[in-house]
Number of protein chains: 2
Amino acid sequence: MTTSTDPRQTKIILDEDEQPTQWYNLLADLPTPPPPVLHPGTLEPVGPDDLAPLFPMDLIAQEVTTERYIDIPGAVLDVYRLWRPSPMYRAHRLEKALGTPARIYYKYEGVSPAGSHKPNTAVPQAYYNAQAGIRRLTTETGAGQWGTALAFACAQFGLECEIWQVRASYDQKPYRRMMIEVFGGTVHPSPSDLTEAGRRILAEHPDSTGSLGIAISEAVEVAAQNADTNYALGSVLNHVLLHQTVIGEEALLQLAKVGETPDLIVGCTGGGSNFGGLAFPFLREKLAGKMAPVIRAVEPSACPSLTRGVYAYDFGDTAGMTPLMKMHTLGHDFIPDPIHAGGLRYHGMSPLISHLKEEGLLEAVAKPQRECFAAGIQFARTEGIVPAPEPTHAIAAAIEEALRCKETGEAKVILTALCGHGHLDLPAYDAYLSGAMQDQALDDAAINEAIGALPPVPVG
Amino acid sequence: MTTSTDPRQTKIILDEDEQPTQWYNLLADLPTPPPPVLHPGTLEPVGPDDLAPLFPMDLIAQEVTTERYIDIPGAVLDVYRLWRPSPMYRAHRLEKALGTPARIYYKYEGVSPAGSHKPNTAVPQAYYNAQAGIRRLTTETGAGQWGTALAFACAQFGLECEIWQVRASYDQKPYRRMMIEVFGGTVHPSPSDLTEAGRRILAEHPDSTGSLGIAISEAVEVAAQNADTNYALGSVLNHVLLHQTVIGEEALLQLAKVGETPDLIVGCTGGGSNFGGLAFPFLREKLAGKMAPVIRAVEPSACPSLTRGVYAYDFGDTAGMTPLMKMHTLGHDFIPDPIHAGGLRYHGMSPLISHLKEEGLLEAVAKPQRECFAAGIQFARTEGIVPAPEPTHAIAAAIEEALRCKETGEAKVILTALCGHGHLDLPAYDAYLSGAMQDQALDDAAINEAIGALPPVPVG
């Protein structure tokens, strides 16, 4: 594209031939490496063989490599072309409504087939598994964003996709299940009678509405027992955050096109992949002394792992089947209140994001959901996009900073991640507008109990 | 943008400074003018004063002008910037799945705030009304696409937006009502007790599930009785189709960028605004001898005004309150079967599109809904976009032509209008996938009866 000098320019668009062709690996540039992932039995660092029953070797290699850049395969780039490079917008109309001198930019991932950033990693995960001769992928999904992305990705490479969806969501939010089926995926409500883990739960609790932990157990069990089947995860792990760095690499190019340097980068954090995807390339520039943006993670007050949790070794799942990861955690037994931002309801945090927090390379804040929905509605009415509940957290924090600028007169450049649209989340807005939504109280005692039950891991 | 020569290029993007700044008025180039719109009482052509209680003078002027180009106001262009120019895609993955030598392009309007082409006219309609000092707009909506667009547009210019939604849709499809409310609009289920027309219906049928005709009556009544309130219509009228020509003007530029000339332009027709918006600029080029595309309208078999109706004067609404328009009609008493493509369930057709059909300047086909949903699913799995039920009709016809090319070996260039996404229509896909969907039978007797009841208008 040519660079416009029109001050009313709203969209900053890259052509396909400007699409980044490499993922950026932050591990190459960290001042200190993050602590290793441990085998829950031996408490020794896990090796490739420990992960081989679930993941193909290419992804295992990406999980641990310290190479700075990883080439994106051509077949993955060709699928990315359906929506990438994604647009960046200058939020002229929101700025005007706020009366702020700040300049607000948002990078919009809702243009993807699933309506979120998730296909950025679903597509390469499906590709590498297909290359490895795998015939089927299993996964879990809560509200269904990740399941939708993986079903679409599997359709591109001829893989079957089998998804265990938390029963409560399966029953209450059928639109996502329908979208997964349109893309050709198969959805089982979890707990199901298709797995040992599911049958065990159903025997004890025939009316169980499920949990993400149970759904993970079912998906992992099927993958582990079938040689032609692997498992896929939508956040938390290094290789997932790696794939998401296309967001930040594009955003760097887009801001450069309009001659801007960010003062603040703000995104929502659940498992951390959307936030890491946007922030890591900017962090590389910051570590190299080329810019100095504040990097701010926003989490829900009802599930504040970075601001309220402890930095400790914990399991990634509720059932305690995964390796132990050192991360900010509320304890794997902690069940967050049922806020509408289902993608942020995770007890832990990406180990990489957690490490950055410990190293002082990013800061974190927590927001209650009603402030977030109010921000989402102001955003929709001015910018025309109804945000998913998750990125309303980032929007609320961006608005907060913009209003601070209004007081100080600072013309800060704020970049935020709009990681998905809220078309399938409209009942949450309805609850807000009708006055039925509450800010969930934080259950301090439950957090203390869950943190108290963390697995004992020797320090050092 | 620069023109890419990469054969894998998927998106053809225009920069904002390439956005058309004028609407194109086909009336300027028609070999013969269309018949006039008649006053239902006098059977004389309607004049501006007849329309003034409902529409601002700027729109009335646009309804009848024969100027070739109309400048788009700057304030409208600034709102268009939120999603325009809209992208055009080359359907590489669909072509490959079909094994066709045809090259399929689709112009995608689902990127707009409402998720369809409707904001292209909602925004200027809200603008001109605001300029005229109007404080509130009323309208009717069925499934809710038009209501969503108008609510968003009103929010941009500080107008109130009050929408009467057919009770059946209000109850069964709440997501659209919620989206309208997110944008700040007010939705009343119709029939309502807020109007004379609504109260009359409710007195007779307290459990009425409503109809588009009743909802129009309510919206028009409120607009006619309040000097600060006007009415807005989302299709059919000349000025609506005029505003939609931004679609075709952009598409002309986009095809030129990749050096293509279309052999077939295919779109779905309900009231005709999406189809006219894409086709009219190409028709201008065709009339000038610069290209020779076949222009094909696709309608649902259950509501086939162009292929089964008569070309006659009829009312635009069911209640018979509007002026008489000469158009292809199934009779204003005809109630189409409840197909999922609610936007195509209209007894009549834009007078302009109807005139073109009579003049032999376009052709029309009808498609049953299961063929269309099958096409929509193939499209979603290959191209990653779940289409609204309406444009699946255009996709089905594009696929039909591409498969014909596979037999003949012709490498035709097919351009189709993907006028909206189907995120809020997923239950329709669910009905198809679960086998619950039927192709609605055409009620020939009902059509004959409705056509027999057309108002008597002297010929000539």
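Predicted model: local features only at pLDDT ≥ 70, side-chain atom pairs only at ≥ 80, totals over all residues.
Chain B and chain A bury about 4,500 Å² between them, and inside the chains we will visit a covered helix, a pair of helices and an open sheet.

**Where the two chains meet**

- On chain B, 48 residues are in contact with 48 residues of chain A.
- Of the roughly 4,500 Å² buried between the two chains, 56% lies on carbon and sulfur atoms.
- Three residues stand out on the chain B side: Arg93(B), Tyr175(B) and Val182(B) supply 16% of the area that chain B buries against chain A, more than any other three residues.

**A covered helix in chain A**

- Helix H14 of chain A runs over residues 351–358 and is mostly covered, with 6 of its 8 residues buried.
- Those buried residues are Pro351(A), Leu352(A), Ile353(A), Ser354(A), His355(A) and Leu356(A).
- Just after H14(A) comes Gly360(A), which takes a positive phi of about 75 degrees.

**Two helices side by side in chain B**

- A handy idea first: the angle between the axes and the distance between the axes describe two packed helices.
- In chain B, the axes of helix H6 (residues 145–156) and helix H8 (residues 174–182) come within 8 Å and cross at roughly 10 degrees.
- Because of that crossing angle, H6(B) is roughly parallel to H8(B).
- From H6(B), Gln145(B), Gly147(B), Thr148(B) and Ala151(B) meet Arg176(B), Met179(B) and Ile180(B) of H8(B).
- Sorted by type, the residues of this contact are 3 nonpolar, 3 polar and 1 charged.

**An open sheet in chain A**

- In chain A, 4 strands form an open sheet with parallel pairing, in the order S8-S7-S6-S9.
- Strands S6 (residues 136–141) and S7 (residues 160–166) of chain A pair in the parallel sense over 6 bridges.
- To find one bridge yourself, look at Leu137(A): its bridge partner in S7(A) is Cys161(A).

How values were computed
Residues numbered from 1 in each chain as written. Chains lettered and ligands numbered in written order. Heavy atoms only, no water. Buried < 20%, exposed > 50% of the residue type's maximum accessible area, 1.4 Å probe, protein only. Axes fitted to C-alpha atoms, helices over the stretch in contact; angles between N-to-C directions. Parallel < 35°, antiparallel > 145°, perpendicular 65-115°, else oblique. Contact = heavy atoms within 4.5 Å. Nonpolar A, V, L, I, M, F, W, Y, C, P; charged D, E, K, R; others polar. Pairing = 2+ DSSP bridges. Buried area = accessible area lost by both parts, 1.4 Å probe.
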